[in-house]
Amino acid sequence: MPDNPQFSTRQRILGAAEELFAERGFAAASLRQVTAAAKVNLAAVNYHFGSKNNLIEEVFRRRLDELSRRRLERLAAIAKSDTTTLESLLDAFITPALELSLDREGGSVFMRVLARAFAEHNSNLRKFLSDNYGYVLKDFAVAFARLLPQLDKEELYWRLDIAVGALTYAMADFGMIKRRSGESERTHREQMAKHLIHFTAAGLRA
């Protein structure tokens, strides 16, 4: 509960760590900087997380557990349909991620953290993400393979890797297309999803 002191301290540490990892990267952001930003002592970090690596992993779990659940729920719903398309599969994978980036409780910050994970050569973090969340993409890959029987496994995985890279880039808002004055953040993200789904579907079919 929000008024629980332990809950408040834990969430404060996670929020501060997320901001610092997004701004400075995983190696450069120190636990001392995290404790200063969260206004806690080092003992609190050790109590709740045990180590910096565990803290990094919990920053990802806080967002990716929910994102994975939403994606797989949508995938399960599609599996019951007789009219599954590439576009519907891509929507199930892409839209929950873009919705996460709209989350006012740090969603856009986490997108930069996620981009850091792809950019930095942190073998422990990459293994953690692969071991804990790789199954989601593999489940989607099985569904894509049914619709793209002309692609062998290696070619399909190449294309899906490129699609994930494009999605990560879009979520981090690094691109040339910026939200226009007067346009809501949601409308901007919906346009982003539309173009990304159209572009990725064409790449998968090529």
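Trainee: Helices here are DSSP runs (H or I) of at least four residues, numbered from the N terminus, so in which helix does Glu 73 lie?

Mentor: Glu 73 lies in helix 4, which covers residues 52-79. Please keep in mind throughout that this is a predicted model.

Trainee: Is Glu 73 buried, exposed or partly exposed?

Mentor: Glu 73 has a relative accessibility of 46%, so it counts as partly exposed, since that class lies between the cut-offs of 20% for buried and 50% for exposed.

Trainee: Let me step back. How many helices and strands does the chain have?

Mentor: The secondary structure comes to 9 helices and 0 strands, so that, read from the N terminus on, every element in the run α-α-α-α-α-α-α-α-α is a helix.

Trainee: What about the overall dimensions of the chain?

Mentor: The C-alpha trace spans about 55 × 40 × 35 Å along its principal axes. The radius of gyration is 18 Å, which agrees with the value near 17 Å that a compact globule of 206 residues would have.

Trainee: How much of the chain counts as buried, and how much area does the chain expose?

Mentor: Of the 206 residues, 43% count as buried, and the chain exposes about 11,800 Å², of which carbon and sulfur atoms supply 55%.

Trainee: Which residues have the most contacts inside the largest nonpolar core?

Mentor: That core has 62 residues, and those with the most contacts inside it are Ile 13, Phe 21, Leu 55, Phe 60, Phe 110 and Phe 144. As background, nonpolar side chains tend to be buried together in soluble globular proteins.

Trainee: Pick Phe 21 from that list; what does Phe 21 touch?

Mentor: Not counting residues up to four places away in sequence, Phe 21 touches Phe 26, Ala 29, Lys 52, Leu 55, Ile 56, Val 59, Val 113 and Arg 116. Across the chain, 72% of the contacts with a separation of 6 or more are between residues 24 or more positions apart.

Trainee: Staying with helix 1, where is Thr 9, and is Thr 9 buried or exposed?

Mentor: Thr 9 has its place in helix 1, residues 5-24, and it counts as buried because its relative accessibility is 16%. Leaving out residues up to four places away in sequence, Thr 9 touches Val 40, Ala 44 and His 48.

Trainee: Now for a loop. Where does Lys 39 lie?

Mentor: Lys 39 lies in the loop between helix 2 (31-38) and helix 3 (42-48), and with a relative accessibility of 72% it counts as exposed. Its phi is near 60 degrees, which is a positive value in a residue other than glycine.

Trainee: And helix 7? Is Ala 141 buried or exposed there?

Mentor: Ala 141 is found in helix 7, residues 123-147, and it counts as buried at 4% relative accessibility. Apart from neighbours within four places in sequence, Ala 141 is in contact with Leu 156, Tyr 157 and Leu 160. The C-alpha atoms of Ala 141 and Glu 154, 13 residues apart along the chain, are separated by 11 Å.

Trainee: What about Ser 123, buried or exposed?

Mentor: Ser 123 also lies in helix 7, but it is exposed, with a relative accessible area of 56%. Its C-alpha atom is separated by 29 Å from that of Leu 102, 21 residues apart from Ser 123 along the chain.

Trainee: Last topic, charges. How many positive and negative side chains are there?

Mentor: The chain has 30 positive and 26 negative side chains, with the centres of the two sets lying 4 Å apart.

Technical notes:
Residues are numbered from 1 along each chain as its sequence is written. This is a predicted model: local features need pLDDT of at least 70, side-chain atom pairs count only at pLDDT 80 or more; totals for chains, interfaces and linings use all residues. Side-chain values use heavy atoms; hydrogens and water are left out. Helices (H or I, at least four residues) and strands (E, at least two) are DSSP runs, numbered from the N terminus. The radius of gyration is taken over C-alpha atoms; the globule rule is 2.2 Å times the number of residues to the power 0.38. Buried means under 20% relative accessible area, exposed over 50%, partly exposed in between (1.4 Å probe, protein chains only). Contact means heavy atoms within 4.5 Å. Accessible areas come from the Shrake-Rupley method with a 1.4 Å probe; for residues, only the protein chains shown count as cover. Lys and Arg count as positive and Asp and Glu as negative; His and the chain ends are not counted. The place of a charge is taken as NZ of Lys, CZ of Arg, CG of Asp or CD of Glu. A nonpolar core is a set of buried Ala, Val, Leu, Ile, Met, Phe, Trp, Tyr and Cys residues joined through side-chain atoms within 4.5 Å.
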